[in-house]
Amino acid sequence: MNRRTLLKAAAAGAALALRPARAQPPAPSSAAKGPAVWLDLDQKALDDAYDQSVWAANGKQLLERYAVLSYDVRTRLGAPQRFSYGATPVEALDVYRARDGAPILLFIHGGAWRSGTAKEWAFPADLFVHRGVHFVVPDFVSVTDAGGNLVAMAEQVQAAIAWTYRNAERFGGDRKRMFLSGHSSGAHLAGVALTTDWKRLGLPADLVKGGVLLSGMYDLKPVRRSARSRYVHFDDATEETLSPQRHLDRLHARLVVAYASLDSPEFQRQSREFAAAVKAAGKPVDLLVARGYNHFEAPETLGNPHGLLGRAALAQIGLG
């Protein structure tokens, strides 16, 4: 091997080292497959299907990057207005203001119901504020801090949305043009909100006009059987109440349901089946696939006017 060949090999190795880590499916296990607990999945496969670290090796780095990008957005836009929507300190939301009379987009962050803050998920605000949309990110209790009570989380998200509708004039928002987006467990909570009986709370049934949901969970039956039940208190009432796919009669918003092509097969299936159920119910829905993205990479497209979700959200709001 001559010197030129060695240099070419070294350069190729360096290029490969600089490429971002890509999601890979779990390596085949040498252990015998156990009995099926959901579809054709045994317990380990089901646990892996709802554990994003198995499918996205670069997840930690991407979450750190989103926090840095969010800090950069605050240096450009300024600190958001912070409003309390409930009685406890965590029940507050950040508003990145656009012009008066602008529509409102609320974003519900993910984190396996256990982690994440509004401050760390501000990075899409740059796009929406400059396109004339108020960007609102609520904080809410983690399921672990709520003692495993997932209903408490959902109720806080509902309270944040209700507060935003009732108090839109405090930051110049148009309550008649409210939209909702969410990622992962945040897409689940957003799906619960979109299928909430708002009239029971004294609000219009269609107070949210559209939703963009990325890589969410819409029926909790398989999730209840997974390792997530170690920190979430699932029972029949929780499963039924917080499975958006079972309450489509209460859906009044146009939906975009999306998933990443490198999501786990269960997250892909959940999104496809939810979109199919919405369509079968006669409700408007579009199904999108973020091709070449994993679970933690796909949210980046929400902050890009040419990205899959940025385009979809702007079009839904009427600013495409």
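1. D139 sits in the loop that joins β4 (134-138) to α6 (150-166). Helices (H or I, at least four residues) and strands (E, at least two) are DSSP runs, numbered from the N terminus. The model is predicted: local features need pLDDT of at least 70, side-chain atom pairs count only at pLDDT 80 or more, and totals for chains, interfaces and linings use all residues. Residues are numbered from 1 along each chain as its sequence is written, and side-chain values use heavy atoms, with hydrogens and water left out.

2. D139 is buried, at a relative accessible area of 10%. Buried means under 20% relative accessible area (1.4 Å probe, protein chains only). A polar atom of the D139 side chain lies 2.7 Å from the backbone nitrogen of A118.

3. Not counting residues up to four places away in sequence, D139 touches R82, Y85, V90, E91, A92, L93, T117 and A118. Contact means heavy atoms within 4.5 Å.

4. Helix α7 (residues 185-194) has 10 of its 10 residues buried, so it is largely enclosed by the rest of the structure. Among them are H188, L189 and V192. The cover over the buried residues of α7 includes β3 (102-108), α6, β5 (173-183), β6 (210-214) and β7 (254-260).

Methods. Buried means under 20% relative accessible area, exposed over 50%, partly exposed in between (1.4 Å probe, protein chains only). A polar contact is a pair of N or O atoms within 3.5 Å; within protein, one must be able to donate a hydrogen and the other to accept it, and residues adjacent in sequence count only if both atoms are side-chain atoms.
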